[in-house]
Structures are given as structure tokens and as C-alpha cells.
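Try each task on your own before reading its solution.

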Amino acid sequence: MKQFMDKDFLLSTDAARDLFHNYAEKMPVVDYHCHINPQEIYEDRKFDNITQVWLGGDHYKWRQMRSNGVEEQYITGDASDREKFQKWAETLPKLIGNPLYHWSHLELQRYFGFTGYLNGDTAEEVWNLCNEKLSQDSMSVRNLIRQSNVTLICTTDDPADTLEWHQKLAADDSFEVKVLPAWRPDKAMNIEKVDFAAYMAKLSKAAGIEITDFASLKLALKNRMEFFASRGCSVSDHALEYVMYVPADPVELDTIFAKGLAGGPVTREDELKYKTAFMLFVAKEYNRMGWVMQLHYGCKRDNNAMMYANLGPDTGFDCINNYAPSAQMADFLNALSATDEIPKTIIYSLNPNDNASIGTIIGCFQSQFPGKIQQGSAWWFNDHKTGMTEQMTSLANLGCLGNFIGMLTDSRSFLSYTRHEYFRRILCELVGGWVENGEYPDDQKALKEIIEGISYNNTVKYFGFDL
């Protein structure tokens with residue numbers, strides 16, 4: 001029997017162990033998509049206790065605590081941090097086969113030196129150990145990032161944001177890790193939302209351009225893109241229901257936009273036409289500016305209306321949406337291809353059944369740069385051992401795995417960088433298995449390039465980061 005989560009965790013063959021320990025383990029981390037707060041990096045926040053790090057805002061854990069019958073008081077409510085930690089510790093042993101079990105223990109091992117396992121009985125020991133460590137200067141936010149061998153972070157930022165914390169970080173020579181903004185214009189795209197008109201007023205003010213029609217909206221967006229670029233931004237991200245393609249003429253678009261700007265209702269067809277035009281416009285701008293476009297789709301959000309009313313969005317009530325017409329995504333890319341204006345694009349679906357369709361679509365539009373159109377790493381409900389293995393296997397079967405840009409945290413926690421280690425172990429287990437089985441030669445030069453590329457080097461080249 002193997003020891004619990006030892007140095008060869010998830011590595012079952014000699015080839016897998018060699019690939020991980022000789023190549024993957026040593027590589028730095030580029031976290032090109034996350035939701036951490038740049039203000040906390042600038043201020044070099046220190047956490048009072050492990051609950052603040054682990055349970056403050058982590059809807060992954062909140063979902064599992066609810067699944068274990070934990071009352072909301074101990075999840076998002078007014079219970080003490082110690083009580084909340086206890087409830088999480090009591091939940092964790094039941095999560096056999098869940099990535100949260102592995103992530104939690106990787107974090108305990110790497111950052112706190114705890115090699116046991118967390119449960120209700122060990123909660124007091126772990127609580128005291130973690131809190132004593134967190135009180136040390138070595139566990140401040142900046143030092144956690146340094147410990148994790150991170151070279152660059154891209155946050156997630158609204159077009160109307162001032163980016164003041166990014167500007168302060170850029171001017172701070174005492175922190176060597178690059179922290180760059182990433183453009184997330186969902187609020188400008190979501191014309192069906194009740195706050196769309198209010199957001200247009202906010203965007204108008206930020207851009208210094210009165211938004212009265214679709215043309216002036218485009219001017220405002222271009223203005224803000226240039227501002228973001230001046231702060232180092234070269235990455236965009238979109239949360240889509242699916243990648244749609246329902247084209248409309250300019251007159252019709254202005255009519256639709258006028259409805260949204262007036263705060264009136266828009267039809268479903270209006271919504272799809274506006275979003276198609278919006279995405280075509282920004283994609284062409286990204287191509288002009290040399291930005292990377294990320295498309296995240298396949299999520300049905302805020303399903304529990306009662307809990308959404310109480311807690312708001314991003315609190316653990318989202319699920320996979322299985323409606324994503326792949327033909328429309330192909331048509332969207334084809335419309336950009338017609339004028340040679342497809343930017344570098346990374347496509348993520350929350351539905352693992354979309355792996356093959358993504359793999360075949362991206363192969364239709366590759367050009368000019370190795371892996372220009374990427375399938376993104378297994379995302380959200382899929383970033384576990386099975387999901388990662390299936391995504392990489394599908395990409396290998398249908399595309400060019402050697403050009404894959406690998407893992408990202410997509411996290412709000414400063415301890416989540418161990419997810420890169422978790423991914424790299426799974427990658428090496430997969431590739432090592434192919435080598436052991438005689439499906440790929442034991443060509444160390446080629447294997448080194450593949451593993452180090454997927455772990456780090458491909459990402460740096462793909463985004464063009466100056467590292």
C-alpha cells in the first residue's frame with residue numbers, strides 16, 4: 001500500500017515519476033486566470049486564521065458542506081471562524097474521490113508542513129498549527145506567492161475599473177512577481193440584465209464618452225481597452241452561456257441597444273443578436289491589439305432562487321448547462337476567419353461532453369502560431385483527476401497536446417497554486433503511462449520539451465509574457 005499523498009502521489013509508473021520529479025516539479029507557475037484581489041497583494045495581507053484563507057468565498061467548499069447537511073450559519077453565516085473550520089474538518093473525510101480532499105491536504109503539506117489528515121478529531125491540532133504559521137511574516141500574501149514559485153498573475157477586472165492597485169503594484173520594486181489585469185466585459189455584454197442601463201452609465205463615466213448607441217459603446221470599449229493595455233493587460237475573458245452566432249444588421253442592433261439602454265425588456269432573439277455583435281467586435285479588437293481571448297461557457301448560474309436572494313451570485317448554486325450548439329461556435333470563429341481577425345483564443349466548456357466538439361472545431365482555425373486556438377484546461381466542475389485526464393486525452397486524440405498551455409487556478413485563494421502541482425502530477429501520470437505502454441518512445445529530449453512546455457513554457461510563449 002502506498003503512503004497517503006507521499007512524494008509519488010498520483011504517479012504509478014517509473015516513467016511518470018521521472019517526468020514529474022525531473023521536469024514538471026521544477027517549473028515555475030504562470031496563473032493566467034484567477035479571481036484574487038490585487039489590493040490584497042499590494043497591501044501584503046496577512047490572514048488571522050485558516051478559515052479566512054479556506055472558507056472565505058470558496059463556493060467549492062460551501063457546496064460540499066451543504067451536501068453534508070451543515071447549516072448555513074456555519075458556511076456563510078455568523079458562526080465563529082473556529083466553528084466554521086470544525087464543520088469543514090468534519091465534512092472533509094466524506095469527500096473520498098473529490099479533488100477538494102486532495103487540494104486541502106496538498107495545501108496543508110506544502111504551506112503548513114502538516115502530513116497527517118484533517119478530520120473532526122484533528123481539527124484543533126490543524127487549527128492551531130495553521131494559525132501559528134499564518135501569524136508569521138513568511139505567510140503574508142506576497143510571500144505565499146513567492147513560496148509557490150509564481151512568476152506572473154492575471155486577475156479579473158471590469159472595464160470600468162480604475163486599476164489603481166495594478167498601477168501601485170507595477171510601481172512597487174519590492175515585489176518581483178508581475179500582477180497584470182485581465183479584461184472581463186460581461187456587464188457590458190449582458191443586455192438582458194436589469195442593471196445593464198446603470199452599468200452603461202458607469203462605463204460612460206469611466207471612458208469619458210457618452211454611450212447613446214452601439215457605435216458609441218464600441219468607442220467607449222476601445223477607450224477602456226487602450227487604458228487596460230497601458231496597465232499591461234493582454235488577456236480577456238468572457239463568461240458565456242454558450243458561444244452564439246446570430247448576426248444582425250447595424251440598424252437592428254441600434255434598436256436592440258436602445259431597448260437595453262432605456263432599461264426595457266429585450267427578447268431572447270434580441271439578446272443573442274446583441275451578444276453576437278458584441279463578441280465579434282471585441283474579438284476583432286483583441287486581434288488588432290494582440291490580446292488573448294478566453295471563452296468560458298456551459299454554466300447555468302444561480303439555480304437556487306431563494307439562496308441567490310439571500311447570498312447573491314458565486315455562492316455555490318451553479319451547474320453544468322448541456323445546451324451549447326457547437327455549430328454556432330464554429331460559425332462565430334468562421335466569421336472572424338473570413339477577414340483573418342481571429343485572435344489567439346482559449347475555449348473552455350463546463351460540460352465535459354463538449355471536449356470532442358471543441359477539439360475538432362479548434363483544428364479548423366489553426367494558423368500562424370503553434371496552438372493559436374486552444375482548448376482550455378478542465379474547468380471548475382471538471383478540474384479533478386478524471387476531468388483533467390479526459391480533457392487532455394481528448395485533446396491528444398484530436399489535436400496537438402504538445403502545444404497545450406496547461407493549468408490555471410481560476411481561484412480566489414492564495415493557497416490554490418498547489419492545483420498546478422496536482423495538474424502536473426496527472427499530466428505526468430498520463431504521459432508516463434503512454435511511455436510505459438510503448439505508445440510513445442522514452443525520448444527524454446522530446447518528453448522534457450512536452451512536460452516543461454505544458455507546465456510553463458508554452459504559456460509564456462503563447463501569451464508573450466516578458467519573463
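**Exercise 1: A charge and a ring cluster**

The charged end of K344 sits over the ring of F369, at 3.9 Å from the ring's centre. Keep in mind as you work that this model is predicted.

*Task.* Find which aromatic cluster F369 belongs to, then look for a lysine over the face of Y74.

*Solution.* Start from F369: together with Y32, Y462, F463 and F465, F369 forms one aromatic cluster. Next, go to Y74: the lysine over its face is K87, 4.8 Å from the ring centre.

**Exercise 2: Two aromatic pairs**

*Task.* Classify the pair W54 and F85, then the pair W183 and F228: stacked or edge-to-face?

*Solution.* A pair of rings is described by the distance of the centres and the angle of the planes.

Step 1. The centres of the W54 and F85 rings are 6.3 Å apart and their planes meet at 25 degrees. Planes under 30 degrees apart count as stacked, so this pair is stacked.

Step 2. For W183 and F228, the values are 5.1 Å centre to centre and 90 degrees between the planes, which makes the pair edge-to-face.

Step 3. W183 lies in the loop between strand 3 and helix 10, while F228 is in helix 12, so the pair ties together parts 45 residues apart in sequence. W183 is buried, at 0% relative accessibility, and F228 is buried with a relative accessible area of 0%.

**Exercise 3: An enclosed strand**

*Task.* Work out why strand 4 (residues 235–240) is largely enclosed by the rest of the structure.

*Solution.* Look at one side of strand 4, where V235, D237 and A239 are buried, and then at the other, where S236, H238 and L240 are buried too. Six of the six residues are buried, so strand 4 is largely enclosed. Strand 4 also runs parallel to strand 5 (residues 292–297), joined to it by six bridges, with L240 opposite Y297.

**Exercise 4: A kinked helix**

*Task.* Where is the kink in helix 20 centred, and what follows this helix?

*Solution.* Helix 20 covers residues 444–463. Its kink, of about 75 degrees, is centred on G453. After the helix comes G464, with a positive phi near 70 degrees.

Conventions. Residues numbered from 1 in each chain as written. Predicted model: local features only at pLDDT ≥ 70, side-chain atom pairs only at ≥ 80, totals over all residues. Heavy atoms only, no water. Helix = DSSP H or I, 4+ residues; strand = E, 2+ residues; numbered from the N terminus. Expected span 1.5 Å × (residues − 1). Bend = angle between axes of the 7 residues up to and from the residue. Buried < 20%, exposed > 50% of the residue type's maximum accessible area, 1.4 Å probe, protein only. Pairing = 2+ DSSP bridges. Phe/Tyr/Trp six-rings, centres within 6.5 Å; stacked < 30°, edge-to-face > 60°. Lys NZ or Arg CZ within 6 Å of the ring centre and 35° of its normal.
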